[in-house]
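Trainee: I am new to this structure and would like a close look at a single part of it. Please start with the overall layout.

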Amino acid sequence: PKTPKPQNLIWKILDLEIKMEKNDAASASVSAQFELKGVQDSDPHENWEVTSTQSDSAVKINEDIVMDDPDTVYDEEEMKKAEEYKDKGNEYFKRKNILAQVTFALENQFEKSIDMYTEAIFCKIPAAKKSVYFCNRALANLKLENFAVALFDACESVKHDKTNVKGYYRRAQSYFAMRQLKNAMNDFKTVCKMQPQNRDAR
């Protein structure tokens, strides 16, 4: 069998973040070793409720807002199909824990999850739903270090739903990975405004 290539700094941070989720007590000591915010692993279903209605005035990006036509009638089958694709994407994403020792297999699972999220995005569904799927796909692209693509997905997530706090968080992570620190900081600040209790963005 081929020996996996040495992990770079981003992947090392990912591994540490996963361990941090399992043991909160170790979180502080690990964060002290790396004084930066890396690409954090998270469950696409985790609860990220918005606790503030403040706008993202700190973000200096021109964005068009995607609004649903109130007269649009969405087909139940189309909605169901989109959810099925999303669920499949989540399932491929979760398999990373089993395959974490095999780099190629791990990447393959992320790629499959991206394919499923893409199928879900192409379905005729409300803008808020697409925002979630773009956000999920952004995280998968972050794992594959497709940072520019992840940034696109995160921007689309925010464009489709400006209240989706995870969209801003994924965009901040993408900016940070691309060393666009000022933009990353603006989005992290936006997350803190929308969700003051979010420790990851601080």
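Which pattern does the protein chain follow, read along the sequence? After that, where do helix 5 and helix 6 make their contact?

Mentor: Along the sequence the pattern is α-α-α-α-α-α-α-α, and the secondary structure amounts to eight helices and zero strands (DSSP runs, H or I of at least four residues for helices, E of at least two for strands). The model is predicted, with pLDDT of at least 70 needed for local features and 80 or more for side-chain atom pairs, while totals for chains use all residues. Residues are numbered from 1 along each chain, and side-chain values use heavy atoms, without hydrogens or water. Of the 202 residues in the protein chain, 44% are buried (under 20% relative accessible area, 1.4 Å probe).

Now the pair. Helix 5 covers residues 127-143 and helix 6 covers residues 147-160; they pack at about 160°, and their axes lie 8 Å apart (lines fitted to C-alpha atoms over the stretch in contact, with angles from 0 to 180 degrees between N-to-C directions). The two helices are therefore roughly antiparallel (over 145 degrees). On the helix 5 side, the residues in contact (heavy atoms within 4.5 Å) include Ala127, Lys130, Phe134, Arg137, Ala138 and Leu142. Helix 6 contributes, among others, Phe147, Ala150, Phe152, Ala154, Glu156, Ser157 and His160.

Histidine 160 belongs to helix 6 and has 13% relative accessibility, so histidine 160 counts as buried. A polar atom of its side chain lies 2.8 Å from the backbone oxygen of glutamate 156, a polar contact being a donor and acceptor pair of N or O atoms within 3.5 Å.

Terms used: Parallel < 35°, antiparallel > 145°, perpendicular 65-115°, else oblique. Buried < 20%, exposed > 50% of the residue type's maximum accessible area, 1.4 Å probe, protein only.
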